[in-house]
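Here is a short tour of a multi-chain model, written for someone who likes to know what the contacts are made of. Have the structure open while you read.

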Amino acid sequence: MIPPPFRYFRPASAAEAALALDDEPGAAVLGGGQTLINALKLDLVSPSLLVDVSGLDELRGVRVTDAEVWIGAAATYAELAADPELQATVPWLAATSGRLVDRQVRNRGTIAGNCCLNDPSSNFPPLLAALDASFDLLGVGGSRTVHSDDFFLGTLITEAALSRSVVTGIRVPRPRTGTHMAERAVLVGADSWAIARAVVRLDVDGSGADAVVVGARVRLGCVFGAPLALPAVEAALVGRAVTADLSSLAAEAVAGEDAEFMGDIHGSAEYRRHLATVQVKRAVDDVVDDILEGADA
Amino acid sequence: MTDTVSPDMANRDTGDGTASQGTAGNDVRARVRAAMTGPDVVAVTARVDGRQIEGQVPARRLLVHWLRDSGRRGPKVGCDSGNCGACTVQLDGRIVKSCMVLAVQADGADIRTAADLTEEDGGLNPLQQSFKDFHALQCGYCTSGMLMTAADFLASGEPVEEQPVRRALKGNICRCTGYENIVRAVMAAGGAAVVQPHGRGARIDADGTVADTRSDVDTEGSH
Amino acid sequence: MNLSGEFTAAATPQALTGLLSDAGRLEGVGGLSSVSVSGADTLDCIFSPVTSLGRIPLRTTITTLSAAPDAAALRVVGVRGHQAVDADIALEFAPADSGTTVRWTADVVVRGGAASVGQRVWSELASRAIGDVLAAAASVA
Amino acid sequence: MTQTTSDTSTATTSWTGQSVPRIEDDRLLKANGEFGDDTPIHGLAYVHFVRSPYAHARITSIDVTGCDEIPGYVGCLLPDEAATLTNPFVELQPEPWSNEDDRCLASGGKVRYAGEPVVAVAGASREAARDAAAAVVIEYEQLDVLVDAKAAVADGAPVLHEAVGGNVGWHGAWDCGDIGFALEHADHVIEVDELHFHRFSATPLENSVITCEYDAGMDVFKFIGGCAMPQFTIFMIGAALGHSAERIHVVSKDFGGSFGVKIGMYVPATAVALLARKYRRPMRWVETRTEHHWMGGHANERTFLDVRMAIQNDGTVLGLEYRCLDDIGAYSRYEPLGGVIWSQVANACYQIKHLKVDYTTVYTNKGPVHPVRGYSRMQHLWVVERMMDIAAHKLGFDPVEFRLTNYIQPDQYPYTTVNGCVYDSGDLPQSLNKVLDLIDYDKMRALQAERRGTGRRIGIGIGSTLDSGTNNFGQARIINAYLPFAGNTEGGLVRMGQDGSIYAVTGGVAFGQGHETTSAQVIADMLGITPGEVFVHRGGDSSLSAQTGFSGSYASQFAVTGIGALINATKKLVDEIKTVGAAMLQAPKDDLVLEGGFVKVASDHERALPFAAIAGTVFFAPGALPDDVADEVNLVGRAVYRAPLALPDVDKKYGNLTLTYATQVHACVVEIDDETGETTLLAYAMVDDCGTPINPMIIEGQVQGATVHGIGAALFENFGYSPEGQLLGGNFYDYHAPTAYDLPTLRYGSVVSPSPFTPIGAKGMGEGGGAPQHTVCAAIQDALGADAGMVLDSHNPPERVLDLVNGQGAERVRVLR
């Protein structure tokens with residue numbers, strides 16, 4: 001319960017934070033702290049310096065342009081859940097934000113913190129990966145924007161940590177008309193962490209029964225390498241008419257994916273493999289239902 | 001996808017896209033060095049339950065411990081992992097788990113703990129009274145955190161119905177009550193109709209005076 | 001948990017096994033610090049794998065159980081408070097075009113509080129940490 | 001509502017039986033309670049234990065030199081030092097099992113479970129203690145690890161306690177009736193190879209906190225912090241330290257839950273005491289959640305083997321037999337008492353005539369078990385309930401009728417069980433009917449039929465259970481004939497202060513059960529005042545002459561023993577008040593009544609004295625009283641309540657082991673997702689019968705709390721271990737304590753069958769007998785049906801339920817006839 005010793009630095013800007021990370025090799029970024037401080041209390045990690053970016057206004061807020069939605073790295077789940085612009089443009093992100101963990105954690109936990117951690121059971125990485133999101137990184141060498149496929153590098157590791165950069169914001173391309181998404185998870189308890197998670201995004205042309213899948217993004221959480229892309233499933237879906245049997249196609253294609261599952265006290269690897277298929281199938285069903293009911297994203 | 005440098009980001013951050021240049025950079029590095037090599041003591045000043053409190057703490061001191069060391073018994077520690085919510089306090093108007101906040105992060109903040117919930121005359125506020133009326137506490141260890149969360153929920157304007165209440169309380173673990181009476185107490189405090197405690201009879205106030213309401217004892221319920 | 005990996009090093013197998021008694025060279029390996037030779041077959045060091053939550057400094061003892069031109073076996077014990085990690089690592093060296101192909105397998109056990117809270121993540125983390133440090137070490141051989 | 005049956009003539013109102021809001025609530029609601037880590041102590045140092053990451057290992061070296069570098073380091077205690085300064089803790093089992101060497105730090109140069117404390121380190125601050133502990137270097141030589149009870153008793157298994165000679169910690173056999181004959185001649189026999197009652201605990205929200213001050217001048221250790229069984233704790237610590245019991249002072253204030261678990265706190269408390277004495281500084285250990293899960297005490301994990309039940313064509317269950325291995329983890333502590341405690345409820349709720357049980361206590365490299373809510377009885381009750389349920393399904397009996405047929409019937413009480421226990425009262429059929437109404441049984445059966453084949457199947461479960469209360473400690477002699485225990489008592493003290501105010505204290509140490517309120521209700525009735533006018537001592541204090549050897553809060557007894565002691569003590573005080581009143585009012589003593597804070601002459605209420613006048617005279621004007629009155633009266637009533645329990649026949653393992661038997665019948669409706677195994681509770685109801693209620697609201701609250709503990713255990717909570725002996729439920733991430741959002745509305749009803757054996761007809765209650773485990777398992781089975789998977793484990797997370805949907809366990813259940 002008592003953290004190991006570390007020092008604390010409160011930068012006045014993201015640039016200062018980047019400098020601090022560069023200056024002190026053992027430094028780690030403190031965002032909302034809703035995982036990091038627990039890891040410290042459990043004596044799992046021992047950074048020499050915490051660089052606290054949680055108070056930086058420049059890392060907050062949601063800004064919408066024609067092309068994309070920019071989300072401040074330190075925007076809290078509660079802020080995102082309540083953000084009308086986010087609800088209007090990327091409703092799935094707002095909805096997920098509103099059911100994350102609990103009331104207190106939503107007031108403090110940040111979207112970039114969730115992503116930078118990249119715990120396989122984290123909510124946002126598969127969702128953002130399915131949305132083709134990119135991450136604005138600021139290091140001493142300058143700022144750059146990294147696509148989610150290049151940002152999430154494995155369990156508890158991201159490009160931000162490797163390059164000793166601060167994430168300043170997340171860019172989500174505005175979903176096109178005809179984008180539909182669904183997320184399915186099996187949770188340890190209600191609003192608790194997941195033991196299986198699948199996110200499915202289908203971009204369709206046409207509507208209702210005439211809809212055809214023109215793009216697909218299928219991502220798994222709770223798996224090695226999460227958020228894990230399932231290209232075979234995506235390939236099985238693209239070009240198909242939107243019909244009720246789409247989910248069976250997807251489920252069959254999951255078997256061809258090279259996914260490695262982890263086991264823990266809440267479920268074995270084999271069980272999680274089974275659940276992944278079920279969750280993909282159900283998420284596809286959700287999307288198909290959504291399309292066939294004519295509801296647009 | 002190729003990594004791209006974003007002029008937008010660069011402009012917002014440093015004006016020149018690089019953070020390490022110039023005297024400003026040296027100043028930051030000097031401050032980092034100072035943080036690393038100076039004594040591990042940071043000053044914290046916060047308003048706690050309406051009073052200014054000042055302290056000197058090591059960087060790693062958790063807010064919950066700082067508040068407790070400052071004499072506040074409301075926030076409690078029940079887990080190591082941010083699950084139990086016994087340490088819930090209000091930090092600048094928002095409830096947080098004070099075991100997942102560093103004391104130094106609360107510098108300059110306005111904090112309210114459960115000790116601040118009572119009426120000005122020291123009596124129970126309506127939510128506290130409802131907890132008492134509905135037997136929503138047993139050992140009392142989770143109670144301060146529960147009250148902070150319940151108060152936040154009731155102030156939010158969300159519908160006072162069973163499922164929203166249960167969801168709101170999700171971040172607070174109670175190992176005694178099974179939550180049923182807590183849910184009822186919160187709903188009752190929010191004006192919803194709920195089942196009365198089994199055999200509800202009299203009421204005793206803390207000072208020992210008794211409001212005898214035994215006329216409305218629910219004799220149906222007990223057999 | 002049983003982990004495995006493979007990488008190619010520029011050095012010869014002899015140079016690679018020679019590292020196990022060369023504290024000076026290992027001191028230059030990312031993730032290793034305070035390296036000292038504490039016995040005929042034993043090295044002590046601080047091994048600090050990096051995660052997005054910060055480094056995990058482990059007080060580590062590396063014992064060489066066997067070292068031959070084509071293979072080596074190491075026993076690694078890392079301790080951090082009431083957490084501990086044990087790894088039995090087997091290395092196989094095969095000549096490659098530009099040096100040596102190193103294949104490793106490791107039987108890793110995480111103990112203490114971390115065994116519970118980290119059960120979902122350790123195998124991937126440990127796999128990466130072992131692969132990275134071996135490759136980094138090989139690069140200084 | 002049942003009115004008070006208090007036999008005093010002084011009661012003018014009846015607070016007993018009313019749902020009086022709790023007196024203790026105000027301070028807790030205002031954050032003015034004083035829990036373990038709240039007590040301010042000057043000069044306090046903090047203790048941090050260095051714990052073993054290995055489950056079984058020999059300690060080869062300990063180096064504490066690094067601690068000296070840590071600012072604020074105070075000092076440490078090493079295992080060798082603890083071995084020199086303490087005796088091994090007293091063991092309850094006979095030889096050779098008593099040769100176990102259990103001390104406050106790893107004993108005999110070994111560690112036997114992951115998380116076992118090896119070195120105790122003290123620092124001037126929490127941080128200093130933590131940092132110094134981190135600087136300790138311990139080297140280990142690993143030994144083979146046992147995490148399975150069956151493996152532990154196999155030939156060639158590594159041995160945890162060499163001095164014991166094997167991994168069996170105790171063994172006992174019961175053979176009541178003639179199960180062999182019954183199995184041979186019954187119309188039907190069901191056989192199950194193996195059932196498993198899993199490992200979990202009550203995990204109170206406040207972890208253990210122990211503060212110890214050592215007064216060198218008086219040679220007194222004072223312990224502050226929740227202690228559920230104070231005199232037992234003094235007994236264990238006193239014997240370990242070789243210290244006089246009267247120089248060990250145990251104080252509990254507000255107490256954030258125990259549920260039995262904290263009975264084991266004497267182990268770390270001994271280490272804290274040694275540090276306090278060594279460094280002449282008050283020491284506090286604040287247990288972390290992880291530490292609590294490692295060593296705070298697990299419930300008995302039990303594997304039932306070769307279980308057979310004999311049943312007649314008409315549905316009559318004749319009896320059953322089983323062998324079991326009770327996995328107590330690395331140290332016996334309060335065990336092997338579980339080896340006899342289960343037999344308090346030998347019959348469960350049924351009229352069975354034959355029971356054969358072969359019970360073996362087994363050591364493994366897991367955290368030690370401590371008594372946990374439902375202690376040892378819920379395991380036996382669960383296996384009986386599972387077998388009843390499996391039999392009903394397999395033989396095609398209607399689940400409700402089958403239970404009604406076999407229940408002990410209301411007119412059969414007092415009912416003597418196969419092993420001589422006497423069930424005092426109950427009305428199980430009425431309880432069952434009531435609980436079925438609460439879940440809308442017929443409607444739910446219709447829903448079940450409607451959902452069949454949809455992939456979201458419905459199941460309805462019934463669980464019937466007992467909460468035996470007020471132990472006969474004579475049963476310990478069934479474990480070890482030489483133990484000096486018999487019967488049970490509790491103490492109570494009620495006194496009047498100088499101004500006429502009333503104070504009361506008992507040996508019971510409340511951790512949420514509302515003892516202050518229920519005590520005040522009963523005392524108020526006897527003294528003719530209001531409960532709010534009775535100041536009931538918070539927690540417990542061993543210096544207050546209110547404790548007996550069995551004092552404390554465990555084994556569902558306060559409503560009988562604690563209240564009984566207070567009634568007896570209040571009677572004495574009432575008598576003294578009347579003695580003084582008679583002298584002062586010049587009236588016959590038996591013409592006096594106590595009413596509204598006055599002693600009054602019954603025949604002439606104008607002749608009255610306020611309590612303040614009585615007290616003032618006794619305190620300050622004894623010379624104004626007749627000599628014989630002044631010599632006798634001190635306005636302190638101190639009494640014990642003795643439970644009327646005789647020694648059991650140790651050889652035959654026969655006799656009455658507990659005084660009261662509260663019953664609970666639960667019912668629930670589950671929905672199972674056929675593809676994922678996720679199980680959702682759609683409805684849940686409980687009907688309890690704990691005799692005459694003192695405070696129905698508090699009873700309802702206890703039932704609700706026990707219900708959620710059981711639901712948690714049935715669906716979420718699990719202390720699983722890895723093959724290397726690492727606990728995989730070491731925190732609330734991995735050990736999912738249910739939240740409000742995981743649960744359905746709980747519907748409650750009650751039946752009142754007063755106990756004929758207790759002072760006011762009340763029964764101990766609150767443990768709940770594991771009813772939800774029985775109920776949820778039965779509901780899952782009901783959803784699966786008779787020709788599918790069989791629920792043979794008490795823990796049913798989604799993966800297991802999915803396996804059950806796919807037929808798991810079916811092959812382990814056979815209808816032999």
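A salt bridge here is a side-chain nitrogen of Lys or Arg within 4 Å of a carboxyl oxygen of Asp or Glu. D:Asp26 and B:Lys132 make one of these, with their closest N and O atoms 2.7 Å apart. Bear in mind throughout that this is a predicted model.

**Chains B and D**

On the chain B side, 69 residues are in contact with 76 residues of chain D. The size of an interface is often given as the accessible area lost when the parts come together. For chain B and chain D that comes to about 6,100 Å², and carbon and sulfur atoms carry 54% of it.

Several elements of chain B give two or more residues to the side that touches chain D: helix 3 (63-69), helix 4 (126-133), helix 5 (143-156), helix 6 (162-168), helix 7 (180-189) and strand 6 (203-204). Sorted by class, that side of chain B has 24 nonpolar, 26 polar and 19 charged residues.

As for chain B itself, it has seven helices and seven strands. Following the sequence, the pattern of chain B reads α-α-β-β-α-β-β-β-α-α-α-α-β-β. Of the 223 residues in chain B, 56% are buried. If you take the contacts in chain B between residues at least 6 apart in sequence, 49% of them join residues at least 24 apart.

**Chains A and C**

Now for another contact, this one between chain A and chain C. Chain A brings 30 residues and chain C brings 20 residues. About 2,100 Å² is buried between chain A and chain C, with 58% given by carbon and sulfur atoms. Three residues stand out: A:Leu44, A:Ser46 and A:Leu156 supply 25% of the area that chain A buries against chain C, more than any other three residues.

How many salt bridges are there between chain A and chain C? The count is two. One salt bridge joins A:Asp43 to C:Arg80, whose closest N and O atoms are 2.6 Å apart. There are also twelve residue pairs in polar contact across the interface of chain A and chain C, both residues at pLDDT 80 or more. Within chain A, helix 2 (36-41) and helix 7 (111-117) each supply at least two residues of the side that touches chain C. That side of chain A divides into 17 nonpolar, nine polar and four charged residues.

Here are the two interfaces in brief.

| Interface | Buried area | Share on carbon and sulfur atoms |
|---|---|---|
| Chain B and chain D | about 6,100 Å² | 54% |
| Chain A and chain C | about 2,100 Å² | 58% |

Chain B and chain C, on the other hand, do not touch, and their nearest C-alpha atoms are 9 Å apart.

Let's step away from the interfaces. Is strand 20 (residues 502-506) of chain D mostly covered or open? Mostly covered: five of its five residues are buried. D:Ile502, D:Ala504 and D:Thr506 point one way from strand 20 of chain D, while D:Tyr503 and D:Val505 point the other way.

Strand 20 of chain D has strand partners as well. Strand 19 (residues 489-496) of chain D pairs with strand 20 in the antiparallel sense over five bridges, and D:Val494 stands opposite D:Ala504. The hairpin of strands 19 and 20 of chain D has five residues between the strands, and D:Gly500 takes a positive phi near 90° there. With strand 21 (residues 534-536) of chain D, strand 20 pairs in the parallel sense over three bridges. D:Ala504 turns up again here, with D:Val536 as its bridge partner in strand 21 of chain D.

**A glycine in a loop**

D:Gly36 lies in the loop between helix 1 (25-29) and strand 1 (45-51) of chain D. Why does D:Gly36 count as buried? Because its relative accessibility is 3%, and buried means under 20%. Leaving out residues up to four places away in sequence, D:Gly36 touches D:Glu206, D:Val209, D:Thr211, D:Asp254 and D:Arg284. D:Ser61, by contrast, is 25 residues from D:Gly36 in sequence and 34 Å from D:Gly36 in space, C-alpha to C-alpha.

Methods:
Residues numbered from 1 in each chain as written. Chains lettered and ligands numbered in written order. Predicted model: local features only at pLDDT ≥ 70, side-chain atom pairs only at ≥ 80, totals over all residues. Heavy atoms only, no water. Contact = heavy atoms within 4.5 Å. Buried area = accessible area lost by both parts, 1.4 Å probe. Polar contact = N/O pair within 3.5 Å; in protein donor to acceptor, adjacent residues only side chain to side chain. Helix = DSSP H or I, 4+ residues; strand = E, 2+ residues; numbered from the N terminus. Nonpolar A, V, L, I, M, F, W, Y, C, P; charged D, E, K, R; others polar. Buried < 20%, exposed > 50% of the residue type's maximum accessible area, 1.4 Å probe, protein only. Pairing = 2+ DSSP bridges.
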